[in-house]
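Q: I am new to this structure. Please show me how to read a few of its features.

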Amino acid sequence: MFEPVIAPSGTLLGLLQRGRGDGTLHALAAPRAEALAALDHCVLNDPRRDWQVENRSLYYARLYLDLHGGLEAVEEHLFGPDDHVDTEESRTGLALAVLGHLAAYGRLDALLLLRRYVTTGANWAWALDELALRDDDAALRRLADPVLARFPATPRATPPWPPPCATPTSPGRGGCGPTTRAKPSAPGCAPRASRAPSTAGSARCAPPGRVPAGASRPCSTGPSRAWRSAVRCCTRPPPAASPRSRDPTTGPSSWRPPAAAPTAPAAPPSTTSPRRATRPYST
C-alpha cells in the first residue's frame, strides 16, 4: 500500500486530507478557486492510509455541493490514458464513490460520468455498483450490452452426457417413439425374452454353478416360493370383526358396552318398627 503525502495540519489541504470538521469551515472561508484546487487534489490523490477502512467520499461530495464545484478535473482523471495503465482500485475508487454520492444528491453530470465510465473505464465494476444504487432500471438495461461486451468471449461448453434421443432405451424423448420398459421377472430367473423352453419334469431353476457362462437360467414351470408366499398372504381370511362393528345399524362411534344382567327387585321396606310388640292391643 502506498504512503500518501499529507500536508501540515495547519493548512487547508492538510485539514481536508485528514477529513477534519473544521476543514469545511476553512474551505468555505477561503477563496473558492483555492478551496476547489485543494478538494480536487484530495479526490484525485487518495489521502487515506487504508482506503478500505476510512470513509471520506461523503465528506468530499458535500464539500463539492457547498462550493458548487465542477467535475472537469475528475473527468480528466477517470478518462485519461493512465486509467488503462494503472488499474488499481485505489486510483479511481475515491473519485467514483464521490460521483455516486453526487448522483444521489441530483447531480446529473456525475450520473453521466458514471454511465460513461462503465462502458470504457478500467474500474467499471465499481462504477456499476454505484449506478446500481442510484440509477433507474431503464438506464441500467441500456448498459446491458456494453457490460456484457466487457467479458471475454468463450466457446460454449458441451454437456458430457448424450442428448435424450441418443440413448437406445428412451427413444421417445424429444419427439421420438415411445419409451419401452422391460417387465421385471421372477426372482432368481431370467427375463421372459431370454427364457429357455422348460420341460414338464423341471421343478426348479438350474443351479448357478451348472449354467454355462453367457446362458440364462431356465425358469421352473411351477410357482416360486416368493409367489406362493404372496398368494398365501393375499388369500388369508380377514380377522374377526371388532365388537364395535358387529351391529350393522350402528357405527363404531355409537357402540356401547352390553347391559348388565337384571337382578331381583328389592323387598319393600317394612312399616312395622322392630321394637314394637306384636301382641294384640288389650283394652
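Q: Where is Arg150 found?
A: Arg150 sits in the loop between helix H10 (144–149) and helix H11 (225–234); helices (H or I, at least four residues) are DSSP runs, numbered from the N terminus. This is a predicted model, in which local features need pLDDT of at least 70, side-chain atom pairs count only at pLDDT 80 or more, and totals for chains, interfaces and linings use all residues. Residues are numbered from 1 along each chain as its sequence is written, and side-chain values use heavy atoms, with hydrogens and water left out.

Q: Is Arg150 buried, partly exposed or exposed?
A: Buried means under 20% relative accessible area, exposed over 50%, and partly exposed in between (1.4 Å probe, protein chains only). Arg150 has a relative accessible area of 26%, so Arg150 is partly exposed.

Q: Which residues does Arg150 touch, not counting residues up to four places away in sequence?
A: Contact means heavy atoms within 4.5 Å. Arg150 touches Tyr117, Val118, Thr119, Thr120, Gly121, Ala122 and Trp124 on that count. A polar atom of the Arg150 side chain lies 2.6 Å from the backbone oxygen of Gly121. Trp124 is 26 residues from Arg150 in sequence, and 9.2 Å from Arg150 in space, C-alpha to C-alpha.

Q: How many residues has the largest nonpolar core?
A: In soluble globular proteins, nonpolar side chains tend to be buried together. A nonpolar core is a set of buried Ala, Val, Leu, Ile, Met, Phe, Trp, Tyr and Cys residues joined through side-chain atoms within 4.5 Å. Here the largest has 41 residues, and Val43, Tyr60, Tyr64, Val74, Val98 and Leu99 have the most contacts inside it. The largest share of this core, eight residues, comes from H6.

Notes
Helices (H or I, at least four residues) and strands (E, at least two) are DSSP runs, numbered from the N terminus. A polar contact is a pair of N or O atoms within 3.5 Å; within protein, one must be able to donate a hydrogen and the other to accept it, and residues adjacent in sequence count only if both atoms are side-chain atoms.
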